[in-house]
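Please keep the viewer open while you read.

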Amino acid sequence: MEMQEDFNVSSLVVLCVPQDMESLWKKINMISGAECHYQDASGKIIVTLESQSIEEEIKIVKRIERLEGVILAQMIYAYHSTELEAMREEINKQDTIPAVLQGEKNAEKIFYSGDVQSTLDEILKS
């Protein structure tokens with residue numbers, strides 16, 4: 001298995017006065033590791049950050065915060081590449097098909113007689 005390079009990917013919401021949005025959009029896109037993806041009329045810009053380390057990511061956020069016209073730059077989501085490997089390991093441990101769905105099932109033997117509300121009421125009484 002080849003070694004993968006560590007990286008961080010994060011999302012950021014930048015809040016500004018709507019009149020400054022176009023200017024900030026251009027300035028943010030000029031910052032290495034930052035890319036604007038969405039803006040709305042209220043003055044919100046959605047940005048993704050890509051960096052090699054948390055320190056680099058923080059530097060990018062601080063640089064965006066210092067741009068003239070930025071009211072607030074708030075990180076919403078952060079992801080590190082090592083999380084992906086942990087998720088892959090967890091997924092590989094799981095069965096692809098849950099046990100209840102494995103094997104043949106005879107649909108003719110499955111029936112329902114009753115109403116859901118009565119069943120729920122009985123369960124909730126317990």
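In what order do the elements of the protein run from the N terminus on? They follow the pattern β-α-β-β-α-β-α-α.

1. **Ground rules.** This is a predicted model, in which local features need pLDDT of at least 70 and side-chain atom pairs count only at pLDDT 80 or more, while totals for chains, interfaces and linings use all residues. Residues are numbered from 1 along each chain as its sequence is written, and side-chain values use heavy atoms, with hydrogens and water left out.

2. **Overall make-up.** The protein has 4 helices and 4 strands. Both kinds of element are DSSP runs numbered from the N terminus: H or I with at least four residues for helices, E with at least two for strands. Of the 126 residues, 21% are buried. Here buried means under 20% relative accessible area, exposed means over 50%, and partly exposed lies in between (1.4 Å probe, protein chains only).

3. **Surface and contacts.** Accessible areas come from the Shrake-Rupley method with a 1.4 Å probe, and for residues only the protein chains shown count as cover. Among contacts (heavy atoms within 4.5 Å) with a separation of 6 or more, 65% link residues 24 or more positions apart.

4. **How the strands pair.** Two strands count as paired if DSSP finds at least two bridges between them. Strand β1 (residues 8-16) pairs with β3 in the antiparallel sense over 8 bridges, and leucine 12 stands opposite valine 47 in β3. Strand β1 is also joined to β4 by 9 bridges, again antiparallel; here asparagine 8 faces histidine 80 in β4.

5. **The hairpin.** Strands β2 (residues 34-39) and β3 (residues 44-51) are antiparallel partners over 5 bridges. Glutamine 39 is placed opposite isoleucine 45 in β3. With 4 residues between the strands of this hairpin, do have a look at glycine 43, which takes a positive phi near 105°.

6. **Valine 9.** This residue is found in strand β1. Valine 9 counts as partly exposed because its relative accessible area is 27%. Leaving aside neighbours within four places in sequence, valine 9 is in contact with Leu49, Glu50, Glu57, Tyr77, Ala78 and Tyr79.

7. **A nonpolar patch.** Which residues form the nonpolar patch on the surface? They are Val17, Ile71 and Leu72, with about 250 Å² of accessible area together. Patches are made of residues with over 30% relative accessible area and no salt bridge; like charges are joined within 9 Å, and nonpolar side chains (Val, Leu, Ile, Met, Phe, Trp, Tyr) within 5 Å. A salt bridge is a side-chain nitrogen of Lys or Arg within 4 Å of a carboxyl oxygen of Asp or Glu.

8. Isoleucine 71 belongs to strand β4 and is exposed, at 55% relative accessible area. Valine 17 sits in the loop between β1 and α1 (21-29) and is partly exposed, at 36%. Not counting residues up to four places away in sequence, valine 17 touches Gly69 and Ile71. Valine 17 and valine 70 are 53 residues apart along the chain, with 7.8 Å between their C-alpha atoms.

9. **Leucine 67.** Is leucine 67 buried or exposed? Leucine 67 counts as buried because its relative accessibility is 18%. Its place is in the loop between α2 (54-65) and β4 (70-80). Apart from residues up to four places away in sequence, leucine 67 touches Leu24, Lys27, Ile28 and Ile31. Leucine 67 and lysine 27 are 40 residues apart in sequence, and 8.0 Å apart in space from C-alpha to C-alpha.

10. **Cysteines.** A disulfide is a covalent bond between the sulfur atoms of two cysteines. With the cut-off for a pair of cysteine sulfur atoms set at within 2.5 Å, the count comes to 0 disulfides. Cysteine 16 is buried, at 2% relative accessibility, and cysteine 36 is buried with a relative accessible area of 7%.
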